[in-house]
Amino acid sequence: MAIGRRFEECLQKALRMVDSHDGFVGGSIPAIESEIRDATDQRIMSIATAMQEDWTVDKIHELSRWAAGIDKWFLNRLAGIDATGKAMSKHKLEALPFELLSHAKAIGYSDKGTAVGARSRVCFGGVGGTRVCVAGMLRE
């Protein structure tokens, strides 16, 4: 298993390996200014929730400046992951455009994350059923 070809893919894999997160997905930790301002182990998940709630990169950057500021390059990459998740949520998995699906896979969305992001019922079948469905869509 390779680490990944892009920063976003590596980050998504790393987040899935820690604390059983599904990658850079908001909702598990609330978007609280103090959580983003202070460097904690849950900071990145709070940023995920903030981006899901449409906080701007500039606002998050300003909040983080007081304690080991987060570079805008990094925040823009996170915003790209969030934007892809929001774009996927507008489609069912079966109707997900191929270009969007391949981009999501390239930036590290897992098969389960892709199905959940696309608000598909397929994800309720478990990881095995989801994997077959998403992998089959990529081959077509």
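Tutor: Let us begin with burial. This model is predicted, and buried residues make up 41% of the 140 residues in its protein chain. The chain exposes about 7900 Å², and carbon and sulfur atoms supply 56% of that area.

Student: How many helices and how many strands does the protein chain have?

Tutor: The protein chain has eight helices and zero strands. Read along the sequence, its pattern is α-α-α-α-α-α-α-α. As for contacts with a separation of 6 or more, residues 24 or more positions apart account for 49% of them.

Student: Where in the protein chain is confidence lowest, and where is it highest?

Tutor: The average pLDDT of the protein chain is 81, and 79% of the residues score at least 70. Helix 8 (residues 127-139) has the lowest confidence, at a mean of 51, whereas helix 5 (residues 72-88) has the highest, at 94. Over residues 121-127 the pLDDT falls below 50; this stretch has nine contacts in the model beyond near neighbours in sequence.

Student: Why is helix 3 described as largely enclosed by the rest of the structure?

Tutor: One counts the buried residues of the element, burial being a relative accessible area under 20%. In helix 3 (residues 43-52), nine of the 10 residues are buried, so the rest of the structure largely encloses this helix. The buried residues are Arg43, Ile44, Met45, Ser46, Ile47, Ala48, Thr49, Ala50 and Met51.

Student: Which helices do the buried residues of helix 3 pack against?

Tutor: They pack against helix 1 (7-17), helix 2 (33-37), helix 4 (57-64) and helix 5.

Student: Which residues of the largest nonpolar core touch the most other members?

Tutor: To read a core, one looks at its members and then at the elements that supply them. The largest nonpolar core has 29 residues, and those touching the most other members are Phe24, Ile47, Met51, Ile60, Leu75 and Leu78. Two or more residues of this core come from each of helix 1, helix 3, helix 4, helix 5 and helix 6 (98-106). Helix 3 gives the largest share, six residues.

Student: What does isoleucine 47 touch, not counting residues up to four places away in sequence?

Tutor: On that count, isoleucine 47 touches Phe24, Ile36, Ile60, Ile70, Leu75 and Leu78.

Student: Which residues of helix 4 are buried?

Tutor: Val57, Ile60, His61, Leu63 and Ser64 are buried in helix 4. Viewed down the helix axis, these buried residues fall within an arc of 165 degrees, so they line one face of helix 4. Their cover includes helix 2, helix 3 and helix 5.

Student: Where is serine 110 found, and is it buried or exposed?

Tutor: Serine 110 is found in the loop between helix 6 and helix 7 (111-117). Its relative accessibility is 18%, so serine 110 counts as buried. Not counting residues up to four places away in sequence, serine 110 touches Arg16 and Lys105.

Notes: Residues numbered from 1 in each chain as written. Predicted model: local features only at pLDDT ≥ 70, side-chain atom pairs only at ≥ 80, totals over all residues. Heavy atoms only, no water. pLDDT = per-residue confidence, 0-100. Helix = DSSP H or I, 4+ residues; strand = E, 2+ residues; numbered from the N terminus. Contact = heavy atoms within 4.5 Å. Buried < 20%, exposed > 50% of the residue type's maximum accessible area, 1.4 Å probe, protein only. Areas by Shrake-Rupley, 256 points an atom, 1.4 Å probe, with all protein chains shown as cover. Core = buried A, V, L, I, M, F, W, Y, C linked by side-chain atoms within 4.5 Å. Arc of directions from axis to C-beta.
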